[in-house]
Amino acid sequence: MTTHSANNERIKRRYFAYLKEANRHSEPTVDAVAKALDRFEVDTKHRDFKAFHFELAIAFKRRLAEQRSRQTGEKLSKATLHATLAHLKRFFHWLAGQPGYKSRFQYSDADYFNLSDKDTRVATARREQLAPTLEQVKHVINTMPADTDIERRNRALIAFTLLTGARDRAIASMKLKHVDLHAGSVYQDAREVRTKFSKTFTTFFFPVGDEIRGIVTDWVTYLREVKLWGNDDPLFPATRIALGATRQFEAVGLERAHWSSAARIRTIFRDAFASAGLPYFNPHSFRNTLVRLGEVVCQTPEYFKAWSQNLGHEKVLTTFLSYGEVANLRQGEIMRGLATPQLVIQSGVRELAKAIARELHESERPSYPVKNEGT
């Protein structure tokens, strides 16, 4: 049974280089494209891409819809179908213009990877982004032990995520020098910190409680004054694994090195929420928690703009459109409250609404190509 095609491998390498170097896509994006192409090749028994025909796309699309996830056993979600087929459509559209492939099929043949309008609407529908309340996060932190170095690190990690709203990949790469306790800030320097889109910006501590800030302050002070670590040492070091008393490999302390990825951070979050008897919320969900807090405490456009910048957003609309949906429970409270006539509206709220309306109006008429900022 054929397990690969040499011609396919060569052209895929060219395409991956094109995505990375010309289109400036990240490694995770390229990996997702590679996974989609692998699905297609396995389905077609690694037939040479030069033999592509639109009927292959139709047949693959039908069989993909019947596949089941290895993890859940359920059929693949509409979102997975949409993402996989979109990657394949872009690849074959690009391929139709390459030497050796131009005469084999047409650009329009790639359109046969499209999902139906109905399935596309299901796949791309915006859904409520679940996030813990501030009280839930504090409950998790308060229930976490802090007797060993590893336990203190884990508790400080969750407190730091709430205090700064930093993404897990950025946190995994931060050094002690990036935290300024006196100024109450974190300098997310893209030269050293793995920030999204390689942005460099300063985050000031969010007002989430003195006890949260105190946990982070104690952790940084402990690393500097007790462990005697320096500026270039990791803010949240990896776990050191060694042979224990039972001659088994076990966690014995902290390694003076960064985590290689953010996977371990998410595991710490999962274990902490489970121990507190709460459903799991990933690190990124804390950004939603902070945006909802900002919607309550920010009473002027200037305040909310500063809150938005603190999350690393260049435009306040990114904060509103990507994180700012009202939770269903709160939506119901607001609608019931509107049943009572509101005689007085705070001027700050009016100004905030006007500022948002102006930015929405300006965004509809861009004077130059606008790149989607993302979240």
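Predicted model: local features only at pLDDT ≥ 70, side-chain atom pairs only at ≥ 80, totals over all residues.
Which residues form a nonpolar patch on the surface? I241, L243 and F249 do, with about 340 Å² of accessible area together.

Residues are numbered from 1 along each chain as its sequence is written, and side-chain values use heavy atoms, with hydrogens and water left out.

## The patch and its hairpin

A patch takes residues with over 30% relative accessible area and no salt bridge, and nonpolar side chains are joined within 5 Å. (A salt bridge puts a Lys or Arg side-chain nitrogen within 4 Å of an Asp or Glu carboxyl oxygen; areas are Shrake-Rupley values with a 1.4 Å probe.)

I241 sits in strand β4 (residues 239-243); strands are DSSP E runs of at least two residues, and helices are H or I runs of at least four. β4 pairs with β5 (residues 249-254) in the antiparallel sense over five bridges, where pairing takes at least two DSSP bridges. T239 stands opposite L254 in β5. The two strands make a hairpin with five residues between them, and R247 in the turn has a positive phi of about 65°.

## A three-stranded sheet

Another stop is an open sheet ordered β1-β2-β3, with antiparallel pairing. Its edge strands are β1 (179-180) and β3 (201-204), each pairing on one side only. Two bridges join β1 to β2 (residues 185-188), and D180 stands opposite S185 in β2.

Terms used:
Patch = residues over 30% accessible without salt bridge, like charges linked within 9 Å, V, L, I, M, F, W, Y side chains within 5 Å.
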